[in-house]
Amino acid sequence: MKVAIYYFSGTGNTELTVKKWASEAEKNNIQCDLFRFEEITDMKIDISGYDKVGIAYPIHAFNAPRIVLKSAKKIVKSKTIKPFFTIMVSGEYMNLNHSSHLKLMSILKKRNLFLESEYHYLMPYNMIFRHTEKRAFDMFKTMNSLVELDVVDYLVNGKLHRLNKHKWARPIIWTFRIEQVYGPFYGKMLRINKDKCIKCMKCVNSCPLQNIEFKNDKFKFHWQCTLCARCSFNCPTNAFFTGFLQLWKVNGKYKFSEPKEVEIDKHPKYCKKSYIRYYKEAADRLGTEQK
Ligand SMILES: Cc1cc2nc3c(=O)[nH]c(=O)nc-3n(C[C@H](O)[C@H](O)[C@H](O)COP(=O)(O)O)c2cc1C
Ligand code: SF4
Ligand code: SF4
């Protein structure tokens, strides 16, 4: 079997997840090729050589990021009906998130691709607040264990996985598609604190849509933003001002290793119910003790 996973990742969580899918597939003698949407410069994506196609993305305001929807339109219509699966990565395990692929499904249906199986992994937030390293590492470990199970269940044994949906998902997620409307404004409103900036150009070079330009010793922002948070999250000096979302900005990579020091959790109640549900479902599926 040959599998292709096309993905977008803003701050690296989705990338970690798909890399785990690919390495588990390889362990099970299944070829799994990974493609970053932002690196595909061709106008057409040919999936004819693959038996299954995966689409992976971080959830942005209950939806798939704009860059994913736009790139999915490049997929060439398959001659035969082909299965696809989604890998969603988010900061909350809300049922509303489980329908984030509605628009994607309609785009792919026109290309003869039908949703077969769906997966949702919890990974640490890159918006709203920063998790403790302990919480981030717990999420990372759980994602790894679940992927090991999912790859064997789905790619090896053909067992499908479906997520529970919220009954009002369709109108709610349509209302919250802030990225479609607000993304370009957010990108244009980004500002850099010159006193903090060390001109490392990480933001300029890593923006997936070339929204940040550095010319004549000045930063210029365009209207192309996909709200991925990569620029502000990875800025080594926290020099970004992110407009309306400044209060929600999270800066700095997680270590994804066992923390040596105890850190006080400043948001112990946030999303508590959805996290408990996620860890319970994960423990049931893995046959382990709940966290
Ligand atoms: C603009 C924006 C909107 C987001 N909206 C949601 C959301 O609606 N639900 C959620 O659970 N997480 C949301 N998140 C959190 C991301 O889905 C989460 O941090 C994810 O792990 C990021 O994956 P990445 O590192 O591959 O970009 C949002 C993040 C951003 C930047
Ligand atoms: S990543 Fe931060 S420090 Fe580096 S150039 Fe951009 S704003 Fe300046
Ligand atoms: S400007 Fe920043 S948030 Fe917007 S697409 Fe580029 S890296 Fe992502």
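So, helix 4, residues 133–156: at 1.5 Å a residue, its 24 residues should span 34 Å, and the end C-alpha atoms are 33 Å apart, which agrees. The expected span here is 1.5 Å times one less than the number of residues, and helices are DSSP runs of H or I, at least four residues, with strands being E runs of at least two, numbered from the N terminus. This is a predicted model, where local features need pLDDT of at least 70 and side-chain atom pairs count only at pLDDT 80 or more, while totals for chains, interfaces and linings use all residues. Residues are numbered from 1 along each chain as its sequence is written, chains are lettered from A and ligands numbered from 1 in the order in which they are written, and side-chain values use heavy atoms, leaving out hydrogens and water.

After the helix comes Gly 158, with a positive phi near 75°.

Okay, cavities. How many cavities of 30 Å³ or more does a search of the whole structure find? There are 2. A cavity, on a 1 Å grid over the protein atoms alone, is a set of points where a 1.4 Å probe fits but cannot get out; a pocket is an open set with protein on both sides within 12 Å along at least five of seven lines, and lining residues have an atom within 4 Å of a point. Volume is the space filled by probe spheres set on the points, which are joined across faces, edges and corners.

The largest cavity holds about 90 Å³. Closest to its centre, among 14 lining residues, are Cys 207, Pro 208, Cys 225, Cys 228 and Cys 231. Ligand 3 takes up that space, meaning more than half of its atoms lie within 2 Å of the grid points.

Which ligand sits in the second largest cavity? That's ligand 2. This cavity's volume is about 80 Å³, and of its 14 lining residues, Cys 197, Cys 200, Cys 203, Cys 235 and Pro 236 lie nearest the centre. Ligand 2 itself has 13 residues around it, Met 201 being one of the closest; the cut-off is a heavy atom within 4 Å.

Last, the largest pocket, at about 630 Å³. It has 29 lining residues, and Ile 59, His 60, Ala 61, Tyr 125 and Met 127 are the closest to its centre. Helix 1 (13–27), strand 4 (82–90) and helix 6 (178–189) each give two or more residues to that lining.
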